[in-house]
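Trainee: I would like to learn how to read a sheet and a ligand shell in a model such as this one. Could we go through it together, step by step?

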Amino acid sequence: MLNYLPYYASGCIVEGFRRGSSELGVPTANYPLEVVKSLPCCFKTGIYYGWANVDNGPVYKMVMSIGWNPFYNNKEKSMETHILHDFDCDLYGSLLKTCIAGFLRPEKNFDSLEDLIHAIQEDKCLAKDLLDADESKRALQDSQFFYGTCKENKNDKDSQPNGGT
Ligand SMILES: Cc1cc2nc3c(=O)[nH]c(=O)nc-3n(C[C@H](O)[C@H](O)[C@H](O)COP(=O)(O)O)c2cc1C
């Protein structure tokens with residue numbers, strides 16, 4: 001189960017619906033459709049955590065939502081990354097690299113926007129704790145993948161540092 005983790009992805013950041021920054025206070029960097037479509041078919045939708053960097057810069061903790069956002073009932077599956085760092089400009093067009101280290105929970109619908117925001121804040125806290133507590137997950141932030149030596153913008157099995165297993 002979840003034997004596709006850690007999973008590495010990279011791609012240029014595209015615009016979503018901008019609800020992350022405007023409604024939720026949690027800006028997200030969205031992958032283009034081709035990156036979403038290259039996920040292995042067995043990849044479970046849900047909320048994940050791991051590491052991310054932008055344009056080969058510093059590596060930060062991240063949480064990622066993969067799926068259809070049941071609260072908004074999206075028509076297209078998406079991979080939306082919230083990086084636990086304050087960037088002072090928008091990131092559209094920048095190269096986002098992510099290493100998904102672990103699974104947090106399935107996507108859910110909520111009765112209110114406040115409940116969704118609360119769940120995301122809990123995800124962020126849990127992700128921080130899990131990444132700090134687990135030596136093997138902590139080590140993933142040092143992967144050469146983040147510094148430009150691995151193939152970029154490819155998500156096929158060969159480009160996975162662990163062979164995609
Ligand atoms: C950590 C995290 C958890 C999320 N959990 C859910 C969820 O349980 N249900 C849901 O409908 N959307 C969830 N979302 C997705 C947000 O609704 C989505 O990122 C937001 O609408 C921004 O989308 P946009 O980039 O298209 O504007 C989550 C997003 C993040 C970053």
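Trainee: Which residue is the bridge partner of C12 in strand 6?

Mentor: Before I answer, note that this is a predicted model, in which local features need pLDDT of at least 70 and side-chain atom pairs count only at pLDDT 80 or more, while totals for chains, interfaces and linings use all residues. Residues are numbered from 1 along each chain as its sequence is written. Strands of a sheet pair through backbone hydrogen bonds, either parallel or antiparallel. Here the bridge partner of C12 in strand 6 is L95, and six bridges join strand 1 (residues 7-12) to strand 6 (residues 95-105), the two running antiparallel.

Trainee: What counts as a helix, a strand or a pair of strands?

Mentor: Helices (H or I, at least four residues) and strands (E, at least two) are DSSP runs, numbered from the N terminus, and two strands pair if DSSP finds at least two bridges between them. By these criteria the protein chain has four helices and six strands, which follow one another along the sequence as β-α-β-α-β-β-β-β-α-α.

Trainee: In what order do the strands lie in the sheet?

Mentor: The six strands form an open sheet in the order 1-6-3-4-5-2, with antiparallel pairing. Strand 1 and strand 2 (29-30) are the edge strands, each pairing on one side only. Further in, strand 3 (residues 46-54) pairs with strand 6 over eight bridges, among them the one between Y48 and F103, and strand 3 also pairs with strand 4 over seven bridges, where I47 has S65 as its partner.

Trainee: Which strands does helix 3 touch?

Mentor: Helix 3 packs on the sheet, touching strand 3, strand 4 and strand 6 (contact means C-beta atoms, placed from the backbone, within 7 Å). The direction of helix 3 makes about 125° with that of strand 4, where axes are lines fitted to C-alpha atoms, for helices over the stretch in contact, and angles run from 0 to 180 degrees between N-to-C directions.

Trainee: How many residues surround the ligand, and which element supplies the largest share?

Mentor: A residue is near a molecule if its C-beta atom, placed from the backbone, lies within 6 Å of it. In this model 24 residues surround the ligand, the closest being G16, R19, G20, S65 and F71. Helix 3 gives the largest share of that shell, four residues, and helix 1 (19-24), strand 4 (60-67), strand 5 (78-83) and helix 3 (113-133) each supply at least two.

Terms used. Contact = placed C-beta atoms within 7 Å.
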